[in-house]
Amino acid sequence: MPRGPRSLAMQTMAFCIFAMAYDLCFGYTNQCSLGHSVFFGVGAYGVVLSLLHLQSGILLGLLIAFVAGMVVAFLMGSICVRLTEAYFVIVTALFSAIFHLLSLDMTWLTGGDDGLSVTLPDISVGGVRLSLYDPMTNYYFILVFFLASYLLMRRITEAPLGKVFISIRENEKRAAFLGYDPFRYKLAAFVLSGAFTALAGSIYALTLRYATADLFGLYWSIIPIVWCLIGGVGTLVGPCIGVALMFFFQYYVSAWWTHYLILFGVLILVILRTSRKGLLGYLLGR
Amino acid sequence: MASEVASALLFYLVNGLIWGLIIALIALGLSFIFGVMGIVNMAHGDLYMLGAVFAYWIFSALGNFWLSLLIVPVAIGLLAAPTERLILRPFEGHPAVTMIATAGLSFILQQLVLMTYGGVPKELPMPLQGSFDFLGVAYPLYRLFIAALSLVIIASVWLFLHRTDYGILVRASMQDKEIASAMGINVNTVLVFTFVLGCVLAAVGGVLAAPVTQVFYLMGNDVILLCFIVVIIGGLGSLGGTLVAALVLGGVEGLLAYFLSPTGARAAVFAFMVGVLILRPQGLFGTQRG
């Protein structure tokens, strides 16, 4: 595979995990969070810091990042999930801002704007040593995590748990009458979403080989909403389409026009105008 | 020694309060736009940015800062009216959808400014020289002018809403658009008018802030979250609440900036606001449903 499209595919897959995880929260339980940059950043720093300070291997580092995302999401969720729509959005956005500001401030831990670079140790699985500096290994490594995340999330959404999520999205009161505590299920969706977002963040940090305070920025909270809305809310495939489309734009259009974000803004408006359910919803609805 | 600390604190406090007044101007616009048409305007910070950028352009073209206070509202009005009518109208009333649509607008505005104005932060000279002695602190005259003008604008917005016929139409549409239209109010023009008013308020905030901050194509991102917080804490549609919330936020942030780093101060304010929203989800002054 040529170099350009391969690195594009690797980043796309990392962001696909992010987008699917976000939709678990946004599309499946109708919680429009603006705080997912927290989990993204926590995941990225989780793996980078455990590589730097704990000398953990990459796999253990990813696990630490995943669990860290889960814990942070649980703490944040137990505060936010109870709030009604507008307050939920604002409080999650506040958390994202707090983490961003603190990460800029605490340069001794995070490296601030410049970030922390990391050298990746080899991974040894069953006696085989793999180096992520080999591009194809890196590619398959991310592919494995992308597929595993997709299958896991599909398993979750198709299980009874996922059906409860959808029932809460469709009508929270009725779900409560049926005996499902909306708070607990919404929190569960939030925590799962946070954990997978952290995984996406840690994989992204591994492809970049560094983490910076920027990953906590509001941009990373808004962009997943855009992915989901463009591709199709309430599905797992839709958000991936959104990511792919956006990356196609970023990669090919930015090559001949640096201000491609203008076109991107126009694209958002056009898609919202044609179909609120995104591209996938539009195609399926025809 | 103690008096030095006190005067330094006073300086920081006044700085924070004046910043709070600018925030109040922007947040008022945000509150109107949300209250009347249900648009969560993510591009609102960029209107503040546009105001500042226009002020910079007008200053470099005509050499006069004060003209921008006249030209910018007209220019922004001409820009905002068609935007509302042609682009945002179909999305109104769906907060989540308007959020994405205006985020798209925000991308477009920022990139347009980046293309024409460039990515380097620029500074404007102080339009008013001199300072004012205030309890032993020499305070720059222009900042006091900001405070005075913001208060005048906020007061006239209040008078407009509560003491004029058209203000009643706007308030009626804020309460219930459908009934207002059934009563024969031309809601269509009210919507365009409110959007223009909200945008102009933000842009004027930008003009006023231009000489005391750096004019930069991403400067809107610094204020947008603060304004959302002010609107929510102050209670939607409550003019007094918005003003008080903005002043409290600005003052507290100003005071904390003396003890902590500026980013630390802002983080502390945000953390405090999380607490407030958890304890009083209807805002400090709001009475609407939680």
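**Terms and values**

Modeller: I start with α2(B): 15 of its 19 residues are buried, so the helix is largely enclosed by the rest of the structure. Buried means that 20 or more other C-beta atoms lie within 10 Å of the residue's own, exposed means 12 or fewer, partly exposed is in between, and the C-beta atoms are placed from the backbone. Helices (H or I, at least four residues) and strands (E, at least two) are DSSP runs, numbered from the N terminus. This is a predicted model, in which local features need pLDDT of at least 70 and side-chain atom pairs count only at pLDDT 80 or more, while totals for chains, interfaces and linings use all residues. Residues are numbered from 1 along each chain as its sequence is written, and chains are lettered from A and ligands numbered from 1 in the order in which they are written.

Colleague: How do you know that the length of α2(B) is close to what is expected?

Modeller: The expected span is 1.5 Å times one less than the number of residues. For α2 of chain B, residues 44–62, the expected value is 27 Å, and the first and last C-alpha atoms are 27 Å apart. After the helix comes B:G63, with a positive phi near 70°.

Colleague: What makes the span of α5(B) agree with the rule?

Modeller: Helix α5 of chain B (residues 141–163) has 23 residues and should span 33 Å; its end C-alpha atoms are 32 Å apart, which agrees. In α5(B), the buried residues are B:Y142, B:R143, B:I146, B:S150 and B:I154.

Colleague: Why is B:V204 called buried?

Modeller: B:V204 has 26 C-beta neighbours inside 10 Å, and therefore counts as buried. This residue belongs to α8 of chain B, residues 187–209. Beyond its neighbours within four places in sequence, B:V204 is in contact with B:L25, B:G51, B:V72, B:P73 and B:I153, where contact means C-beta atoms, placed from the backbone, within 7 Å. From B:V204 to B:M49 the C-alpha distance is 9.9 Å, across 155 residues of sequence.

Colleague: Why is chain A called as compact as a globular protein of its length?

Modeller: Chain A has 13 helices and four strands. Its radius of gyration is 19 Å, close to the 19 Å that the globule rule gives for 286 residues, so chain A is as compact as a globular protein of that length. The radius is taken over C-alpha atoms, and the rule is 2.2 Å times the number of residues to the power 0.38. Along the principal axes, the C-alpha atoms of chain A fill a box of roughly 50 × 40 × 40 Å. Of the 286 residues, 51% count as buried. Among contacts in chain A between residues at least 6 apart in sequence, 77% join residues at least 24 apart.

Colleague: What makes α1(A) roughly antiparallel to α9(A)?

Modeller: The axes of α1 (residues 3–29) and α9 (residues 182–208) of chain A cross at roughly 170° and come within 8 Å. Angles over 145 degrees count as roughly antiparallel, under 35 as roughly parallel, 65 to 115 as roughly perpendicular and the rest as oblique, so α1(A) is roughly antiparallel to α9(A). Axes are lines fitted to C-alpha atoms, for helices over the stretch in contact, and angles run from 0 to 180 degrees between N-to-C directions. The contact includes A:F15 and A:F18 of α1(A) and A:F190 and A:F196 of α9(A). By class, this contact has 18 nonpolar, five polar and one charged residues. Ala, Val, Leu, Ile, Met, Phe, Trp, Tyr, Cys and Pro count as nonpolar, Asp, Glu, Lys and Arg as charged, and the others, Gly among them, as polar.

Colleague: Why is α10(A) called roughly parallel to α13(A)?

Modeller: The axes of α10 (residues 219–231) and α13 (residues 278–285) of chain A cross at roughly 10° and come within 2 Å. That angle makes α10(A) roughly parallel to α13(A).

Colleague: Why is A:Q55 called exposed?

Modeller: A:Q55 has 10 C-beta neighbours inside 10 Å, and so counts as exposed. A:Q55 sits in the loop between α2 (36–53) and α3 (58–80) of chain A. Its phi is positive, about 50°, although A:Q55 is not a glycine.

Colleague: What makes A:R209 partly exposed?

Modeller: A:R209 has 15 other C-beta atoms within 10 Å, and is therefore partly exposed.

Methods: Contact = placed C-beta atoms within 7 Å.
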